[in-house]
Each structure stands twice: as C-alpha cells, then as structure tokens.
Amino acid sequence: MAALHGGKAVNHSSNKEEAFVRVRRRDLEKLTTEVMQLREFLPRVLNADLIETLRKARRAETKKDQVEQEQNQLRQERSHLQSRLDAAQTECQKEREEKLLLREQLWQSGEELQQQADFCSTLGSSACSLLWSCSSREETITTWLSDGKLHTFLNIAAQTLESFVKSLDEELKPPAEDQSSNENQFVLALVGTITNIAAVTGGRDFLCSSGNVVLDTLMKLLHLMRPGVFPKLKVLMLMALYNVSICVKGLKHIAQNEDLIPLIWTLLDASEHWEVCLHCLRLLQSFLLEDDVLLGSRLLDQELRARVGRLTSSTQPGLRASALQTLEDLKALCPKDGKPS
C-alpha cells in the first residue's frame, strides 16, 4: 500500500526490515549534486589548519577560563590589599596626628625649658653679681673662710670657667663681649669674686693652700683663649693671679708652671687689648721684684724681651710706662758679661 506525503510517495511494506522512499528525480539529482559538492569542497575546508585552529580555539577557551579564575583571585587579593591599605592609612593618619601632638608638646617643653634656662641664667647672673659686690668687703671674705664652704665654691667656679672658655674656643668667629649677656656677666662676676678673694690676705693664703685648682685653671684658660677674645675676662683673671703673686707662696706656685713664660709673651701680643698687656706686665713684674728671681733663666727669653720692647711705643701712657720699667728690670737680670745678676 502506498501513500503520498508532500509530493513524495511513501511505500509502507509489511516487511519491517525493508523500507522504501519514493523521491522525485529532480530532488534526487539535487541531493546528488549537493553530495558531490560536499565531497569536493569538504576536504578543502576540513584541513589541518582548520583542525589546528579549532584546537587553538579550545585552548584559548581553556586559557580564558583560567585567566578569568586568576582575575577573580586577583580581585580578591586586591580587595584584601585595599582593606589593608585603608587600615594602614588610617593608622598612619593616627600616628601623624600623634606626632604633631608630640611635636607641639616638645615645642612647648622647649619653650618652657628656654624660659627656665633664661630665668636660671638671669638669677645666676644677678646672684653672682651680688656675690662679686659683697666680696669687695674684707669682712665678707673672712666670714666665707670661717664657713668652710669656700673650697666647694672655688671648685665649681673652676669647672664653670673651663666649660665657658671651651665654648668660646669652639666658635668659628670670636664672640662679641656683650656685657648685657647674662652668661657673660655671670662669668665676669665669678672671676671678679675670685679676684676679690685673692685681694685679701686670708683669701690669698687659702688659694695658695686649698685653691691651687683654681689658679691652675686660670692659667690654663688664659693660654687657651685666642688673642682678642673677651679681654675683660682676661684682665680679671690676670688680676686674680697678680693678687695671689703678692704672697710668696702664691708666687712660687705660679712660677712652678712651665707654661708661664709662653703664656706671658702670648698675652703680650700686639693683637691683645692694651689692658690685657698692662696686667700681664704687672704679673711679670711680681717675679722681677722678687729677690730670688723665681723664674731664673726663663726670664732671659729673647721673645719675651722683644714683645715687652714693642710695648714701649704704645699710645697708652700707663702701658708704655709699665713696659719701659719692665724692660729695664729684664735688662738688669743680664749684665754685660751675659750672666744673670
């Protein structure tokens, strides 16, 4: 039995193993043509390049999946790092604020410390100036000697002077002698007090017996100070040494210093203030007036005599007169036969 479906005859056979389809010749020829075309062109399309391209496409797809997974992981890591960065920035901001606060506190503390230092400097200067004024009275020195605390004061004074002179030496330029400076006034008053102590008989004896450290410090600092620096302080130091030299024991102690003659001719330099030269000559005369001539042959130093000779032409009358007298005394030590008298 046959039936026609869509222009095509279909034969349904009772035998299930056989099936026949009726196709129009035109359709069969068309199908045959298409099959032949596929057989002709399919090998050209389905070649090795296409297969390799397909493989590459599959690999690219796999790589794409991997890249997406890596990107997701990187996004997670970036998110984690961003969280850590935000936390670090927050902590940094907090530390910056704390630093600013500490800096403000440090600045305030520095201001307070400077105010305290200025106050202490002013107080020390005023107190030492009063001490200098009081020490001009002999009974005051006597009272100090009986109290038994003068030794401590002299040790502190020696340490203070040494520290001050070293600070002057560290400066590149010689500092101006500012009398209004609390520090300078304090040091001047300190040396002035020592000078007044040495002006009293009891004070001289005490300096020669228990105040040797102060005397040695004064000579050491005079040697360290550069020419032309702080002449007022040098004058007070020389006055203190001169006052001590009035006592024979003090004169002998000063004479024992091997650097005394180099110190004297250094202070007689032309670049020094004329008052420094004058008081240096007075100290030198203390040795020249001593019968035993404690310095002996050291007073025959030619450089010493030359420097004293240059001061005889000074425009300062007092310095010129003192230099002439000192030069005569030096010549008297060396008669014509060349031997000390």
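Visitor: How many aromatic pairs does the structure hold?
Guide: Happy to start there, with the reminder that this is a predicted model. A pair of aromatic rings is described by the distance of the centres and the angle of the planes. On that basis, the number of aromatic pairs that the structure holds is 1.

Visitor: Which kind of aromatic pair do Phe164 and Phe230 form?
Guide: The ring centres of Phe164 and Phe230 are 5.8 Å from each other, and the planes make an angle of 65°. Planes over 60 degrees apart count as edge-to-face. The pair of Phe164 and Phe230 is therefore edge-to-face.

Visitor: Where do the two partners sit, and how many residues apart are they?
Guide: Phe164 belongs to helix α4, residues 150–170. Phe230 lies in the loop between α7 (212–224) and α8 (231–245). The pair links distant parts of the chain, with a separation of 66 residues.

Visitor: Are Phe164 and Phe230 buried or exposed?
Guide: The cut-off to keep in mind is that buried means under 20% relative accessible area. Both Phe164 and Phe230 are classed as buried.

Visitor: Is the crossing of α8 and α11 left-handed or right-handed, and how many residues of each class does the contact have?
Guide: The crossing of α8 and α11 is left-handed. On the α8 side the contact includes Pro231, Val235, Leu238 and Tyr242, and on the α11 side Glu275, Val276, His279 and Leu283 are among the residues involved. By class, the contact of α8 with α11 has 3 charged, 3 polar and 9 nonpolar residues.

Visitor: How many residues in the contact of α11 with α13 are charged?
Guide: The contact is made by residues including Trp274, Leu278, Leu281 and Gln285 of α11, and Leu319, Ser322, Thr326 and Asp329 of α13. The residues divide into 9 nonpolar and 5 polar, and the number of charged ones is 1.

Visitor: Is Ser322 buried or exposed, and which residues does it touch?
Guide: Ser322 has its place in helix α13. Its relative accessible area is 10%, so Ser322 is buried. Leaving aside residues up to four places away in sequence, Ser322 touches Leu278, Leu281 and Gln285.

Visitor: What is the handedness of the crossing of α12 and α13?
Guide: Helix α12 (residues 302–311) packs with α13 at an angle of about 145°, with the axes 8 Å apart. Among the contact residues are Arg305 and Val308 of α12, and Leu319, Ala323 and Leu330 of α13. The crossing of α12 and α13 is left-handed.

Visitor: How far apart in space are Thr315 and Trp274?
Guide: Thr315 is found in the loop between α12 and α13. With a relative accessible area of 70%, Thr315 is exposed. Thr315 and Trp274 are 41 residues apart in sequence, and their C-alpha to C-alpha distance is 9.5 Å.

Note on methods
Residues numbered from 1 in each chain as written. Predicted model: local features only at pLDDT ≥ 70, side-chain atom pairs only at ≥ 80, totals over all residues. Heavy atoms only, no water. Contact = heavy atoms within 4.5 Å. Helix = DSSP H or I, 4+ residues; strand = E, 2+ residues; numbered from the N terminus. Nonpolar A, V, L, I, M, F, W, Y, C, P; charged D, E, K, R; others polar. Phe/Tyr/Trp six-rings, centres within 6.5 Å; stacked < 30°, edge-to-face > 60°. Buried < 20%, exposed > 50% of the residue type's maximum accessible area, 1.4 Å probe, protein only. Left-handed = near helix turned anticlockwise from the far one by under 90°. Axes fitted to C-alpha atoms, helices over the stretch in contact; angles between N-to-C directions.
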